[in-house]
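Subject: Structure handover

Hi,

Here is the structure for you to look at. My notes follow below it.

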Amino acid sequence: MLAGVLLLIFLPPLVAKDLCKDSQDGFKVRLSIKTGLGDDAYEWNESEMFLFRSTLAYAMRKHSNQDTYTIDNILVCNDTQRVSFVFVVTSTDDPDQLIPKEQVELAVRQNKHRINNAFLLSDMTLEFMGIPPTLSAPIIYDTEPWLIVFGVVIGAVAVGIVALLMSTVSKKRRAKEKAAGLSEEDEGIVKENGTALSSLGRKEGVYNQAFSNDDRFTKL
Amino acid sequence: MDTASIASSAQERPKWDNKVQYLLTCIGFAVGLGNVWRFPYLCQIYGGGAFLIPYLIALVFEGLPLLYLELAIGQSLRKGSIGVWHSISPLLGGVGVASMIISLLVGLFYNTILAWVLWYFFHSFQEPLPWSVCPINENRTGYVQECVDSTPVNYFWYRQTLNITPDIEESGTLQWWLVVCLASAWSIVYICFIRGIETIGKAVYVTATFPYLVLTIFLVRALTLPGATDGLRYLFTPDWTLLMDPQVWLDAATQIFFSLSLAFGGLIAFSSYNPKKNDCERDTLVVGLINSATSLYASIPIFAILGFKATSNFNSCINSNILDLTNAFDIGETNITMENYESWLTYLNTTDPDKVSGLNLKHCELQNFLDQSASGTGLAFIVFTEAVIEMPGSQVWAVLFFIMLFSLGLSSMFGNLEGVLTPLLDLHLVPKWMPKELFTGLICVMNFLVALIFTLGSGNYWLEIFNSYVGSIPLLVIAFCEIIGVVCFYGMNRFSDDIESMTGRRPNLFWRVCWMGISPIMLLVVLVAYVVVQVQKHPTYPAWNPKYEKFPESEVKPYSSWVFAICVLLSTVPVLSIPIVAVYRLIRRQTRQQTGSSLPNPYDNQAFSTESFKTL
């Protein structure tokens with residue numbers, strides 16, 4: 001009787017270990033706490049393991065929509081110094097039956113970011129061997145940033161070119177006006193000493209009365 | 001001032017606002033991308049400090065005399081390259097034509113490199129930098145295969161920038177983003193070049209000085225990076241045995257020659273706008289020495305950063321090995337460090353050698369990473385961009401680096417375009433009604449349209465062809481003809497008189513000995529050696545082929561015959577103008593002597609003719 005009771009007490013853990021060690025449905029988990037957190041790294045102990053098992057139970061609950069998963073459904077073995085171990089998930093109905101690998105994988109993938117956050121780690125530092133991390137969606141911009149920079153540069157250059165061309169055109173126009181203005185003044189007035197006579201604006205010139213037309217036929 | 005003198009002042013030769021503009025323009029033309037990405041590479045592969053010896057010898061005996069020659073003849077004859085050589089001797093007019101053609105061809109591909117720099121500059125404002133991560137493939141299961149096989153930096157350069165085809169025969173299509181960048185590059189060049197030296201002179205205040213500022217900033221930053229001293233030690237450790245190799249001397253001579261941008265006609269054009277009484281000997285020394293000093297100055301931050309990159313790569317290599325070991329043997333996380341890696345490895349190898357060898361650990365050696373040198377576009381767009389990712393504040397460094405490259409290249413472009421514009425203006429080939437702005441605009445538009453071939457999928461291969469075949473042998477030939485032309489056709493005495501009238505003293509013995517003896521001989525030897533080396537090398541090119549079995553190594557492919565024919569044409573057609581023009585003038589001279597002189601008879605007084613004598 002006593003032997004039977006003892007067997008009953010010790011069998012589950014032994015069986016559990018067998019379930020975990022030999023199973024094909026287990027996943028190896030690896031945590032790199034010191035790499036991920038540096039100085040803020042926490043010690044890996046039984047409590048952390050407890051947290052891990054409970055988050056996995058949570059993941060299974062969410063995935064299967066059954067509230068029956070408990071921490072006893074998550075079995076862990078092969079605990080190493082690395083902080084790596086193997087876990088398996090037992091079915092809620094039958095403790096000897098394991099949940100198939102694919103189901104567990106789906107559950108983990110769906111809730112990976114919650115599991116990561118529970119441990120303050122990332123996909124790189126909390127690895128489930130065999131479950132590839134879902135890549136984040138590529139950022140889709142409305143306008144690519146490089147087009148914006150290009151627009152700024154080409155806008156500035158275009159403004160500069162237009163400004164330079166306008167300044168050339170206005171310079172030429174001013175030079176043409178000056179040349180035209182000067183040439184008008186040239187035609188009208190016979191320049192003698194310059195300033196005094198140019199204001200007269202007479203075309204024929206100045207009549208010099210010292211030389212009069214009466215004496216055209218000089219007496220020889 | 002009446003209308004007549006206004007017209008004549010418009011025809012007056014433009015001139016520099018002040019001496020500083022002229023010097024900055026010449027320095028900007030000489031100091032280009034090659035100072036940053038070619039000289040440090042040569043220094044590294046040719047035994048560091050030892051390379052400086054052939055380099056300085058080439059500078060003193062080949063570079064400076066040729067530079068002085070070009071600046072002096074431009075200043076005294078006051079014309080662009082075609083006019084100058086025609087004045088020296090009509091038989092040599094072809095030298096100027098050849099210079100002009102070379103300037104045109106080099107300007108085409110050089111600005112395409114600037115377009116690539118602009119593309120990287122536009123992308124440097126993104127977080128994270130686009131060349132630091134691989135893009136995700138279409139069904140979001142992983143990264144793009146081509147990127148995973150090579151590196152994100154390589155992928156960004158070859159696929160997202162160039163979209164390169166695996167073969168030069170496959171042209172691919174025009175890559176619209178490169179066309180856009182090329183258009184921006186040509187617009188920026190146009191705005192600086194719009195009025196010739198008037199606007200260039202203002203632009204060089206920025207483009208010629210900015211690179212020095214950036215190099216200094218990089219110097220300060222680079223020297224504080226870990227691994228910088230390894231890089232610098234590697235660069236400057238002299239290996240004197242390499243001086244026995246003639247290839248080193250050849251490369252030193254060609255480097256100084258191309259670095260000073262001789263034989264393009266640009267320097268002649270710039271100095272033709274100088275006042276007549278200008279000390280061009282001092283200008284020569286200033287430009288030549290600053291150019292070489294810049295090369296040395298630039299190699300320090302470049303190599304410090306490359307040393308940093310080698311150290312980072314070495315560290316990641318060791319760390320990935322450590323991770324593999326830690327994971328395989330389930331050892332505690334930080335138990336294996338860089339310091340005790342070796343002892344752990346030996347311990348694990350003794351306890352479980354099979355498992356260790358099964359891990360395929362990478363062989364990490366710092367020397368291997370330091371040996372991964374690159375020059376040219378490989379340095380700027382692959383090696384340096386990879387280094388920038390590791391530096392904190394990557395965007396800032398990337399932006400600074402690409403602006404620096406752009407201003408270095410832009411100031412060299414000015415020289416190329418002036419080498420084209422000035423001869424055309426001097427030959428009065430510009431119609432009178434066309435304003436200068438329109439003419440420079442036309443030049444830029446036509447260059448842009450022809451340069452579209454470099455935006456095709458195979459554009460990079462064509463650019464390498466242009467770079468190797470146009471920018472090398474023809475320049476050496478032109479330079480040789482230049483020096484022979486001045487020494488033999490113009491005469492050393494006449495040239496010395498010109499220099500005396502410009503600088504106030506005759507050129508001293510050193511210059512005369514160089515011009516008449518050392519430099520032509522050196523040039524001839526370099527030219528012959530270069531041709532011999534080129535002929536011996538089978539013309540091949542490295543192609544980026546993702547389907548190659550040894551990808552990401554480049555597949556070395558030979559040029560097909562029509563491509564090789566184009567290479568030969570590119571080397572020979574520009575210099576063909578020299579003999580063609582010479583022969584043409586000789587024939588003209590012969591025919592003129594036969595039919596009598598067409599020159600007017602100075603004794604022919606047309607007021608007194610024999611007919612009027614008869615009527616009396």
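Contact here means heavy atoms within 4.5 Å. Keep in mind that this is a predicted model.

**Annotated site in chain B**

I began with the UniProt record. An unreviewed entry there carries the annotation "binding site". The annotation covers G28(B), A30(B), V31(B), N35(B), S259(B), N291(B), L408(B) and S412(B). These positions are spread over 385 residues of sequence, yet they cluster in space. The largest C-alpha distance among them is 12.4 Å.

I looked at two of the annotated residues in detail.

N35(B) sits in helix α3 of chain B, residues 33-37. Is N35(B) buried or exposed? Its relative accessible area is 2%, and buried means under 20%, so N35(B) is buried. Setting aside neighbours within four places in sequence, N35(B) is in contact with A30(B), P40(B), S259(B), N291(B), T294(B), S295(B) and A298(B). Its side chain also has a polar atom 3.0 Å from the backbone nitrogen of G32(B).

A30(B) belongs to helix α2 of chain B, which covers residues 19-30. A30(B) has a relative accessibility of 3% and therefore counts as buried too. What does A30(B) touch, not counting residues up to four places away in sequence? The list is N35(B), S259(B), L260(B), S261(B), V287(B) and N291(B).

**A helix pair in chain B**

Next, helices α16 (residues 280-329) and α17 (residues 341-351) of chain B. Their axes come within 12 Å and cross at roughly 40 degrees. That angle makes α16(B) oblique to α17(B). The crossing of α16(B) and α17(B) is left-handed. Which residues make the contact? From α16(B) they are I318(B), N321(B), I322(B), L325(B) and F329(B). From α17(B) they are Y341(B), L345(B) and L348(B).

**Chain A**

Chain A has seven helices and four strands. From the N terminus on, its elements run α-β-α-α-β-β-α-α-β-α-α. The chain has 220 residues, and 29% of them count as buried. Take the contacts in chain A with a separation of 6 or more: 58% of them come from residues 24 or more positions apart.

Best wishes

How values were computed. Residues are numbered from 1 along each chain as its sequence is written. Chains are lettered from A and ligands numbered from 1 in the order in which they are written. This is a predicted model: local features need pLDDT of at least 70, side-chain atom pairs count only at pLDDT 80 or more; totals for chains, interfaces and linings use all residues. Side-chain values use heavy atoms; hydrogens and water are left out. UniProt positions are given in the numbering used here, feature names are shortened, and annotations may be inferred rather than shown by experiment. Helices (H or I, at least four residues) and strands (E, at least two) are DSSP runs, numbered from the N terminus. Buried means under 20% relative accessible area, exposed over 50%, partly exposed in between (1.4 Å probe, protein chains only). A polar contact is a pair of N or O atoms within 3.5 Å; within protein, one must be able to donate a hydrogen and the other to accept it, and residues adjacent in sequence count only if both atoms are side-chain atoms. Axes are lines fitted to C-alpha atoms, for helices over the stretch in contact, and angles run from 0 to 180 degrees between N-to-C directions. Angles under 35 degrees count as roughly parallel, over 145 as roughly antiparallel, 65 to 115 as roughly perpendicular and the rest as oblique. A crossing is left-handed if the near helix is turned anticlockwise from the far one by less than a right angle, and right-handed if clockwise.
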